[in-house]
Amino acid sequence: MNLMNMQNLHLPFYALLFFIVISFPLVLHAEEPGGLKPDSWLMLGPVTEHNPVYHDVAGIDGTAWSVTQLLEKDLARYQEWVPAEGDPVSWSRDRQLEWRRVTADGEGLLELPDGSDGMHDLLWVAGYVSADRFVEGSFTLHGHGMMRVFLNGEEVATKRTVQAGDDEEAGSTSHSFEMRQGKHMLLIKMVHPADSGLSDWTLQASFDGGDHTGSLVWTLDPSRTVLQRDISNAPAPAAVSISPDGDLAAVHVRQSLPPDGSTESRIDIRKTSDGSLFRRYAGGTTVTGMQWVPDGRRFSYTTSGNNGTDLWVVDLDTGEKMRLMRDVKEFAGYRWSPDASFVLYSLREEHKPGTHGVLRYHGLQDRRPGYHRRTFLYQLNVPEGTTRRLTAGLLSTMSGSIHPSGKEILYMRSHEVYDEAPYGKLEYVILDLQTMEIDSLFSLNTGGAAHYSPDGNRILVMGGPNDFDGLGVNVPDTMLANDYDTQAYLYHRDTGETEVITRDFDPSVSLARWDETGRYIYFVVTEEAYERIYRYDTRDRSFRKYEGGPDVVHSMDLASNRAVAVMRGSGASDTPKAWVIDFTRRNPQARVLYDPGADAYRNIRFGEVKSWTFENQRGETIDGHVYYPPDFDENRQYPVIVYYYGGTTPVSRAFAGRYPKELYASKGYLVYVVQPSGAIGYGQEFSARHVNDWGKIAGDEIIQGTRAFLQAHPYAHPERVGAIGASYGGFMTMYLLTETDLFAAAVSHAGISNLASYWGEGFWGYQYSGIATRGSYPWNRHDIYVGRSPVFHADRIHTPLLLVTGMSDTNVPPGESLQMFTALKLLGRDVAFVAVEDQDHHILDYNKFFQWKDAILSWFDKWLKDESNWWEVRFGK
């Protein structure tokens with residue numbers, strides 16, 4: 001809600017939604033003339049308003065104030081209202097309102113309270129219309145007074161006139177709607193002007209959904225299933241960080257707002273002991289890059305404007321705010337030295353290789369967006385404010401870590417190479433800040449982050465199994481390790497030797513942090529469908545797993561002076577929250593620090609999520625889980641959507657995401673997530689099956705698992721099964737359709753149809769293939785590049801297929817989908833192509849994201865539910 005506006009009006013609407021009283025649905029049938037007519041409403045008010053003083057004096061625009069302005073002025077952000085019977089509203093210091101239930105007569109006519117003599121009356125009525133399928137229709141409101149009409153918080157109709165007289169003389173307003181499956185809030189703000197001559201004030205509503213009016217239900221119960229707008233618009237933690245002593249945590253909360261997806265953000269400083277709010281920073285300039293200063297209770301952040309970036313420091317104890325840098329152009333990030341005596345920051349420099357539209361590519365990376373943009377390191381001395389440049393040259397330098405003494409830094413440089421897959425190396429370099437001498441330590445093919453130990457004698461390095469001359473490989477000689485299965489290494493500076501610490505550890509490393517003693521390393525790892533926390537003891541070389549907390553840890557920050565961590569996390573049907581865990585306790589348990597989306601989701605019902613596994617032909621257990629509809633009934637049969645991984649990362653149990661399983665389940669689908677061979681997080685031998693497979697092993701397991709799932713679950717409809725995947729998963733969708741007619745419909749987003757063209761044309765294709773097809777090329781492995789490419793076997797496809805892609809995709813070019821579209825059109829098969837203009841591999845534009853989701857769900861509704869009208873309204877027959 002717009003609290004700033006409400007404070008100006010002395011209307012504390014934050015008290016609006018404290019209690020819910022559930023009322024039973026009122027099922028109104030459509031056989032009666034006029035369609036669906038609500039016979040009860042929730043009502044708030046009336047509230048009386050005087051004319052403002054000088055209302056009859058013309059303003060600067062030459063017009064005087066009118067009661068229409070009272071109608072059109074927003075008193076709250078209506079998209080956040082969720083009225084429920086009994087909910088209190090604090091209107092003013094002297095008056096409390098409450099949503100109450102009122103009843104209309106047998107014809108749906110609602111008599112409204114009599115107006116106040118000489119004063120204007122404001123009144124709100126609300127209710128919910130539920131649709132069990134997509135319905136195209138309209139509603140009409142008849143009433144004597146002025147009305148503003150909101151559907152799901154969006155203004156859709158306005159009536160600015162007043163009609164005195166009997167019910168037949170009441171005016172009306174109407175709105176045509178396209179109502180998705182789910183529950184939708186109708187809110188009407190009404191104004192009864194003073195001296196309008198109205199003696200009787202009424203409201204009557206009717207809904208007409210054509211042939212599907214019977215699918216509409218009117219209710220006063222706000223509880224419902226999740227909609228995409230809930231997922232897209234709910235506030236969520238975007239980043240978290242923790243103070244050096246572990247007592248305070250910063251939670252950066254971000255929220256997207258309709259209608260264009262503009263964002264609001266704030267930073268909450270919360271006590272880790274109980275989650276209570278210590279300080280809030282909101283409004284004004286958007287802040288980013290918040291970090292805790294290593295000494296004291298101070299934090300820093302950046303603000304950006306047309307003139308550049310400013311770096312600020314705030315002292316929480318004194319309230320003092322100091323600007324360290326002003327109007328810095330092309331600012332690219334920063335980090336504090338351990339003693340807070342300097343800031344290491346990065347600036348971008350960009351070279352434009354040609355201005356005539358004709359240019360030569362010198363290397364394979366020349367075509368990539370941002371390739372000609374370099375970043376270099378600078379040092380800002382604090383508090384002196386002096387700066388010096390640390391790196392220059394041809395290659396970008398990326399900040400890795402600062403030595404505990406502050407006397408040297410570790411940075412990385414990326415080299416393009418062509419004699420060894422995956423055709424790039426990351427060089428790790430130490431720079432002495434006093435002498436400016438460098439020491440190049442090593443180069444890794446698939447290297448990642450690196451961190452000094454607290455004593456500075458060891459460096460924790462992330463990399464693939466084949467790095468450090470294959471030190472991390474743990475697969476039979478007949479297999480090739482999957483370098484996306486990230487390992488952790490310790491490089492000893494005194495000896496120059498390296499040890500691998502995760503080779504016999506099945507999970508794949510996502511993130512690592514040293515504790516303050518240097519004895520323990522805390523890892524966030526991919527373990528099956530989870531992202532979990534483990535602790536590694538460098539003395540006895542053992543791992544400890546921490547149970548509880550979210551299914552998926554998205555990010556974690558560990559206090560520098562105490563083993564306390566704050567993290568962002570979510571889970572299957574568990575919305576994003578900030579969590580805290582104190583590792584110093586005997587039995588550490590993660591607990592919720594703050595749930596910024598609690599109000600947004602408090603009326604949302606989710607279905608159960610259950611694990612389900614099967615045994616593949618090798619006798620191995622293949623993992624999976626199932627999302628159930630919220631109102632699941634085992635005596636019914638449900639259509640099924642099967643979903644599988646993209647890239648080589650398993651489908652996690654994280655909430656929602658780009659392919660929100662909770663949303664699919666809310667539409668009445670069973671969603672079966674299967675984790676076939678090739679995914680990381682199940683051990684190196686399991687992930688190695690991704691290398692040089694391209695479909696065969698994983699595809700066979702998806703087919704076998706789907707058949708086993710259908711046989712084991714009689715409520716899963718065997719003839720209404722859909723398949724969906726994206727990127728590598730989009731390839732898998734197309735591949736599956738060349739192998740089986742098991743599926744009744746399928747969706748491929750940004751899928752690969754021709755492995756050779758993706759290898760050469762995709763901006764990252766040759767490097768991804770350098771791992772996924774290690775040692776194999778179009779000229780030496782026709783069995784893969786032709787035999788596994790779906791477009792060469794398009795004649796086998798008989799399943800209706802939706803191909804959807806961002807038309808600016810540089811990862812998997814649109815031509816991959818277009819090739820398959822061309823083939824299937826010429827073969828006369830059921831195929832559709834949806835192009836999302838100006839979007840890359842991921843659909844990020846706010847409104848296009850909604851339309852993209854509509855395409856996917858309406859396609860499945862058409863083929864798996866025999867409900868084609870949503871697809872036809874959106875995309876034609």
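1. Basis. The model is predicted, so local features need pLDDT of at least 70 and side-chain atom pairs count only at pLDDT 80 or more, while totals for chains, interfaces and linings use all residues. Residues are numbered from 1 along each chain as its sequence is written, and side-chain values use heavy atoms, with hydrogens and water left out.

2. Sheet β5-β12-β7-β10. This open sheet has four strands in the order β5-β12-β7-β10, with antiparallel pairing. Strands here are DSSP runs of E with at least two residues, and helices are runs of H or I with at least four residues, numbered from the N terminus. Two strands pair if DSSP finds at least two bridges between them. β5 (109-111) and β10 (171-179) are the edge strands; each has a single partner, so one side of each lacks a neighbour in the sheet. On average, neighbouring strands of this sheet are turned by 20° against each other, direction ignored; the axes are lines fitted to C-alpha atoms, and angles run from 0 to 180 degrees between N-to-C directions. Between β7 (residues 135-143) and β12 (residues 202-208) the antiparallel pairing extends over six bridges. T140 has S206 in β12 as its bridge partner.

3. Sheet β19-β20-β21-β22. A sheet of four strands, also described as open, has the order β19-β20-β21-β22 and antiparallel pairing. Its edge strands, β19 (287-292) and β22 (321-328), each pair on one side only. β19 and β20 (residues 298-305) run antiparallel and are joined by four bridges. Within β20, T302 stands opposite T288.

4. Strand β1. In β1 (residues 40-49), eight of the 10 residues are buried, so the strand is largely enclosed by the rest of the structure. Buried means under 20% relative accessible area, exposed means over 50%, and partly exposed lies in between (1.4 Å probe, protein chains only). β1 pairs with β4 (residues 100-103) in the antiparallel sense over four bridges, and W41 has V102 in β4 as its bridge partner. β1 is also joined to β6 (residues 120-131), again antiparallel, by six bridges; there the bridge partner of L44 is W124.

5. Helix α14. Residues 846-864 form α14, which has 19 residues and spans 27 Å from its first C-alpha to its last, close to the 27 Å expected; the expected span is 1.5 Å times one less than the number of residues. Of the 19 residues, 14 are buried, so the helix is largely enclosed by the rest of the structure. D845 caps the N-terminal end, with a side-chain oxygen 3.2 Å from the backbone nitrogen of N847. D866, which follows α14, has a positive phi near 60°.

6. Residue T502. T502 sits in the loop between β34 (498-500) and β35 (508-514). T502 is buried, at 0% relative accessible area. A polar atom of its side chain lies 2.9 Å from the backbone nitrogen of A488. Leaving out residues up to four places away in sequence, T502 touches Q487, A488, V509 and F543, where contact means heavy atoms within 4.5 Å.

7. Residue P454. P454 belongs to the loop between β31 (450-452) and β32 (458-463). P454 counts as partly exposed, at 30% relative accessibility. Its C-alpha is 6.7 Å from that of T517, a residue 63 residues apart along the chain. With residues up to four places away in sequence not counted, P454 touches P404, W514, D515, E516, T517 and G518.

Definitions and conventions
Polar contact = N/O pair within 3.5 Å; in protein donor to acceptor, adjacent residues only side chain to side chain.
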